[in-house]
Amino acid sequence: MLRFILMRVLQALPVIFVVITATFFLVRSAPGGPFDQEKVVIPEVKKALEAQYRLDLPLHEQYFAYLGDLAQGDLGPSFKYPGRSVNEILFSGLPVTAELGLYALMIALIIGVTAGVVASLRPNTAQDYVPMSLAMIGICMPSFLLGPLLVLVFGIWLDWLPITGWGDIPGDKILPALTLGSAYAAYIARLSRAGMLEILSQDYIRTARAKGLPEWRVVTQHALRGGLIPVIAFLGPAFAGLLAGSFVVETIFQIPGLGRFYVQAAFNRDYTMILGTTVFLSSLIVFFNLVSDIIAAWLNPRLRHQLSGGGS
Amino acid sequence: MALLSVDNLSVSFVTRNGTNKAVDNVSFSVEQRQITAIIGESGSGKSVSCYAMLGLVPSPPGRIDGGTANFQGQDLLALSEAELRAIRGRDITMIFQDPMTCLNPFMKIGDQLIEPLTLHQNLAKGPARARAMALLDEVGIRDPQAAMSAFPHEFSGGMRQRVMIAMALINEPKLLIADEPTTALDVTIQAQILRLIAELQTKRDIGVLFISHDLAVVSDIADQIVVMEKGKVVESGQPKAIFDNPQHPYTQKLLAAIPSGQKAADTVAPDPLIRIEHLRTWFTPTAGAEPVKAVDDVSLEIHRGEVLGLVGESGSGKSTLGRSILRLVPITGGQITFEDTELSSLEGRALKQFRHRMQMIFQDPYASLNPRMTVYDTLAEPLLLHGLVNKAGLDQAIRELMDNVGLARSFLRKYPHEFSGGQRQRIAIGRALATRPEFIVADEPVSALDVTIQAQILDLLADLTKEYGLTMLFISHDLAVIRQIADRIAVMYHGKLVEEGSTAQVFDSPREDYTRSLLAAIPGANAA
Amino acid sequence: MNTATQVFDDAEKGSSLWHDAWLRLRKNKLAVFGGGVLLFMVVVALLTPWLAPYSYEAQNLDLGATPPSAAHWLGTDIFGRDLLTQIMYGGRISLAVGFIATAVALLIGVTWGAIAGYVGGRVDAVMMRLVDILYALPFMIFIVLLMVVFGRNILLLFLAIGAVEWLTMARIMRSQVQSLRQQEFVEAAVSVGLSPAAIIRKHVVPNALGPIIVYTTLTIPSVMLLEAFLSFLGLGIQPPATSWGLLISYGAETMEEYPWLLIFPGCALTLTLFSLNFLGDGLRDALDVRGSKD
């Protein structure tokens with residue numbers, strides 16, 4: 001198992017390296033310098049600025065200097081907000097986005113798994129059709145549409161819930177978390193239904209029934225574990241999706257999180273900020289992919305055995 | 001009084017395409033301390049009737065239309081689901097056909113084993129584990145302690161079936177239902193498991209309901225035989241009566257289908273068509289890993305006009321040997337000579353031109369035909385490829401092929417999924433014969449088929465061999481089949497050739513221990 | 001007169017798997033509905049210049065935003081532009097992105113996967129390792145980055161989205177080809193002496209087509225979602241062109257006063273996604289992509 005984890009980490013490192021390199025050169029190859037838009041920049045000031053951001057160095061030196069900074073965990077200063085470092089901005093947004101993501105993930109998992117399992121127990125009956133139709137709506141209703149609609153209905157027409165902010169008014173976290181989580185609840189519902197149906201048709205489920213186990217124990221003790229492996233494996237990609245989704249949700253609900261900063265940085269052409277955020281988010285995504293892979297592998301005794309067996 | 005007596009049981013499956021009566025007015029019984037065997041081919045309803053009375057047929061689509069199943073004074077069919085559950089796994093337990101899939105791969109064997117104990121007897125984990133280990137020892141698992149904390153995939157099929165048996169016996173049931181418990185196993189393992197079941201049954205005084213498609217297997221152990229066909233019981237009685245004096249035509253057909261007899265030895269001077277010298281076919285699963293020596297230094301001659309039976313258990317390398325001769329897998333070393341041509345070094349165009357002289361018939365007729373091609377296209381492909389007929393002669397040639405393999409010409413434009421297994425195998429045979437080959441490798445060509453179909457296909461193969469003057473390598477795990485069709489026999493074990501000789505010699509005076517154990521494992525000592 | 005017809009006029013017509021699948025699909029009401037709606041959308045998109053009730057550029061600042069009426073079935077936006085016309089023109093772009101980017105993905109993915117799967121060995125290992133690495137890249141973020149850096153170019157959008165989606169396509173194709181290669185009927189074709197090219201053409205591709213069709217149908221909606229997502233953020237389609245994502249984004253800004261500006265484009269997008277998903281699910285069932293034997 002340790003070998004497997006180590007192998008996976010070793011595979012992830014080049015990915016992160018590729019991300020850093022590709023992002024760096026992409027951003028640097030963007031047409032127009034960062035200070036071109038400022039109208040009155042005296043040449044001397046511009047020069048000083050460029051020196052501060054190391055723009056006067058040749059590109060490859062900038063790159064290596066950047067790598068050096070990264071190795072120390074320094075993402076550099078922001079172009080747009082002189083005096084503030086990218087690190088500062090990132091870490092002010094991170095807790096907010098993490099909390100939002102966590103709630104969304106919880107919503108997705110609880111609703112998704114429940115709906116999927118319930119549907120799988122009686123396929124092709126109302127118990128299957130109702131949750132799966134809802135899941136279909138969830139998949140076809142993207143967050144940037146669902147969010148405004150929820151705001152319209154619950155925030156404006158019914159006036160039940162606040163429609164902006166994060167942690168300012170009680171209840172203002174409900175709509176964003178719901179908006180972000182619903183599509184993933186839908187995906188997870190479909191995945192867990194498919195996974196459970198597959199497992200429930202296996203011979204060993206019949207063995208469990210032949211033992212006289214009540215149906216709920218057949219499901220919880222024998223079927224759930226295998227049936228939910230696809231869901232666990234999906235959590236890595238889901239995490240990446242949640243981060244991307246937070247761009248939209250934080251913009252709609254005006255939440256001061258990472259996603260909103262990223263979108264703002266994109267519009268402001270705040271290159272160091274874009275670079276830093278991309279590197280940071282990408283590493284996070286790669287990390288979570290790794291974790292969900294490892295958990296999924298660990299849950300499968302056959303894989304676990306091969307992995308810990310050492311030997312070959 | 002009978003332990004279990006089933007009367008007039010009817011079960012049907014209700015689907016969108018209509019109602020299908022799977023079990024129709026079936027009656028049978030299991031006496032105390034006796035083995036009742038239900039015999040039938042696929043679709044005969046033999047399994048469904050047993051599953052139905054335990055409430056294991058999912059509903060919908062399954063529906064019990066009527067009947068009673070009296071077990072210890074209770075009608076199982078009238079019980080509620082909860083009452084039935086209390087009996088299932090305690091008084092009536094089951095073992096199934098495929099031990100590879102019947103154990104939960106995510107749970108340790110120990111945990112699965114004690115489940116019936118903790119469930120039905122409220123036993124604490126400690127004593128339950130002790131009992132499980134004792135039982136594992138009894139069913140012949142060598143290290144019960146280690147087995148308890150192992151996962152199923154660490155065990156072979158035979159071992160898993162032993163675990164299943166232990167699991168079925170752990171609550172000291174009164175009735176054990178065994179659904180084809182040895183069908184998925186190798187011959188020698190099958191013999192062991194059968195012996196184990198018989199032993200445990202006598203020792204524990206339980207009744208057994210043994211479901212099987214194989215009369216030979218059943219003949220050794222059953223006290224009572226029930227023959228089913230298409231959802232109905234057509235005959236039942238004691239084995240002796242059934243074997244000696246079958247009443248119903250279907251039973252007679254089943255008995256006739258048991259491969260029996262020995263091919264009359266031809267006394268032709270051996271004229272080697274194919275010479276295999278020191279053949280090695282090794283696979284390297286992943287780079288750097290130890291190679292799997294599927295075929296390891298095999299030398300063998302196949303004589304012109306003979307059927308050479310190649311026998312071995314799963315993993316013996318018999319299929320790989322066949323595929324190596326046909327150059328379907330890359331060989332590692334050694335030589336294969338076909339007449340005067342060295343096959344092992346042929347490449348590209350030369351190999352392609354040679355291919356029509358040797359063909360293959362595969363095991364699984366469901367997988368060996370392209371599902372998107374009609375019979376016509378399947379048969380036309382080799383004919384056109386090798387330019388054996390012109391466009392005008394094509395239809396005539398295909399018609400002849402259809403006649404020869406016994407298929408109606410009106411089937412030509414149909415697709416494989418519209419045929420039964422036996423018909424598909426006929427199509428596959430037709431494809432193999434299309435190029436008028438001299439040599440055919442038949443890889444377990446009948447083992448996926450029902451007994452009666454198996455007999456038909458074997459007859460067809462024997463006829464065609466004669467008619468076409470074929471030389472054949474007939475690969476099988478089934479010695480009875482081999483005995484019926486082969487002139488000579490070669491035995492493989494772990495990639496090596498362990499014995500070779502005429503059919504009579506191998507059966508009457510085998511030289512090797514392994515061959516002897518194979519012969520001893522042939523079921524049906526009473527059937528013959 | 002062809003002899004085949006003479007000799008085999010007594011032959012019963014067989015029912016191919018494609019035919020069976022078609023019969024199954026036809027029974028699936030949701031899939032038929034999805035296919036119908038989709039066809040309608042595509043036809044409307046193709047004929048928009050002739051069908052649209054108003055010209056795309058026509059503004060009426062005096063009119064401003066009005067709710068649905070007889071003159072403007074779906075109402076008008078704040079510039080007095082007819083919303084139905086906007087949605088029709090937006091649909092052209094949204095659907096085009098969906099189809100073209102999927103076609104790009106299909107082309108790259110199928111070729112890549114087929115080669116890796118058929119050649120196997122080291123080539124396969126290298127090709128699929130590359131796919132693994134690309135898979136691990138956080139593409140959503142990368143696309144945003146690309147759009148920021150290189151301006152909001154629609155061609156780039158096609159390429160970028162196609163480049164993400166081909167990975168899954170390649171994986172599916174490879175696993176298909178690989179499992180088909182081990183099938184006995186392919187082995188039979190080898191033993192008959194068919195060339196690799198003929199085997200791929202006659203035996204592998206026809207059998208791999210089912211999963212590819214299904215996955216293609218399901219890729220289009222995810223591509224359309226991606227486009228709408230980027231357009232919503234202002235990183236996708238740029239004015240004066242429009243797409244459903246962009247219309248939703250405008251609608252969201254003014255939904256408090258003019259909710260129809262959000263609801264109708266939202267309906268158009270959701271309905272299309274529904275149709276594609278229903279059709280895809282229906283095809284999956286009809287073509288039996290899980291792959292049973294019978």
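**Exercise 1. Strand E13 of chain B**

Task: In this predicted model, which residues of E13(B) point one way, and which the other way?

Solution. 
Step 1. Sort the side chains. B:Val307, B:Gly309 and B:Val311 point one way from E13(B). B:Leu308 and B:Leu310 point the other way.
Step 2. Recall the general rule. Side chains in a regular strand alternate between the two faces of the sheet.
Step 3. Check burial. The cut-off for buried is under 20% relative accessible area. Five of the five residues of E13(B), which spans 307–311, are buried, so the strand is largely enclosed by the rest of the structure.
Step 4. Find the partner strands. E13(B) runs parallel to strand E18 (residues 471–476) of chain B, joined by five bridges. Across this pairing, B:Phe474 in E18(B) stands opposite B:Gly309. Strand E19 (residues 488–493) of chain B also pairs with E13(B) in the parallel sense, over four bridges. Here B:Leu310 has B:Ala490 in E19(B) opposite.

**Exercise 2. Strand E8 of chain B**

Task: How many residues of strand E8 of chain B are buried, and which strands pair with E8(B)?

Solution. 
Step 1. Count. Six of the six residues of E8(B), residues 207–212, are buried, so the rest of the structure largely encloses the strand.
Step 2. One way point B:Gly207, B:Leu209 and B:Ile211. The other way point B:Val208, B:Phe210 and B:Ser212.
Step 3. Take the pairing with strand E3 (residues 35–39) of chain B. The sense is parallel, with five bridges. B:Ile38 has B:Ile211 as its bridge partner in E8(B).
Step 4. Take strand E7 (residues 175–179) of chain B. E7(B) pairs with E8(B) in the parallel sense, over five bridges. B:Val208 in E8(B) stands opposite B:Leu176.

**Exercise 3. Positive phi**

Task: B:Glu180 and B:Glu339 are not glycines. Where do they lie, and is each buried or partly exposed?

Solution. 
Step 1. Start with B:Glu180. Its phi is positive, about 45°. B:Glu180 sits in the loop between E7 and helix H8 (187–204) of chain B.
Step 2. Apply the cut-off. B:Glu180 has 7% relative accessibility, so this residue counts as buried.
Step 3. Move to B:Glu339. Its phi is about 50°, again positive. B:Glu339 sits in the loop between strand E14 (333–338) and strand E15 (341–342) of chain B.

**Exercise 4. A cis peptide bond**

Task: Which residues does the cis peptide bond in chain C join, and where does C:Pro240 lie?

Solution. 
Step 1. Name the pair. The cis bond links C:Pro239 and C:Pro240, with omega about 15°.
Step 2. C:Pro240 is in the loop between helix H9 (196–233) and helix H10 (244–253) of chain C.

**Exercise 5. Cavities**

Task: What lines the largest cavity, and what lines the second largest cavity?

Solution. 
Step 1. Count cavities. The structure has three of 30 Å³ or more.
Step 2. Take the largest. Its volume is about 80 Å³. Its lining includes A:Thr207, A:Ala210 and A:Lys211, and also B:Met94, B:Met164 and B:Met167.
Step 3. Assign elements. Helix H8 (203–210) of chain A, strand E6 (92–95) of chain B and helix H7 (157–169) of chain B each give at least two lining residues. H7(B) gives the largest share, three residues.
Step 4. Classify. The lining has six nonpolar, three polar and one charged residue.
Step 5. Repeat for the second largest cavity, of about 40 Å³. Among its lining residues are B:Glu381, B:Arg431, C:Phe185 and C:His203. Its largest share, three residues, comes from H8(C). Its classes are three nonpolar, three polar and two charged.

**Exercise 6. Aromatic rings**

Task: How are the planes of A:Phe24 and A:Phe25 arranged, stacked or edge-to-face?

Solution. 
Step 1. The whole structure holds 22 aromatic pairs over all chains.
Step 2. Read the geometry. A:Phe24 and A:Phe25 lie 5.2 Å apart centre to centre, with 85° between the planes. Over 60 degrees counts as edge-to-face. This pair is edge-to-face.
Step 3. Compare burial. A:Phe24 counts as buried because its relative accessibility is 1%. A:Phe25 counts as partly exposed because its value is 31%.
Step 4. Widen the view. A:Phe24 and A:Phe25 form one aromatic cluster with A:Tyr63, A:Phe64 and A:Tyr66.

Key: Residues numbered from 1 in each chain as written. Chains lettered and ligands numbered in written order. Predicted model: local features only at pLDDT ≥ 70, side-chain atom pairs only at ≥ 80, totals over all residues. Heavy atoms only, no water. Phe/Tyr/Trp six-rings, centres within 6.5 Å; stacked < 30°, edge-to-face > 60°. Buried < 20%, exposed > 50% of the residue type's maximum accessible area, 1.4 Å probe, protein only. 1 Å grid on protein atoms, 1.4 Å probe; cavity = no way out; pocket = protein on both sides within 12 Å on 5 of 7 lines; lining within 4 Å. Points joined across faces, edges and corners; volume = space filled by probe spheres on them. Nonpolar A, V, L, I, M, F, W, Y, C, P; charged D, E, K, R; others polar. Pairing = 2+ DSSP bridges.
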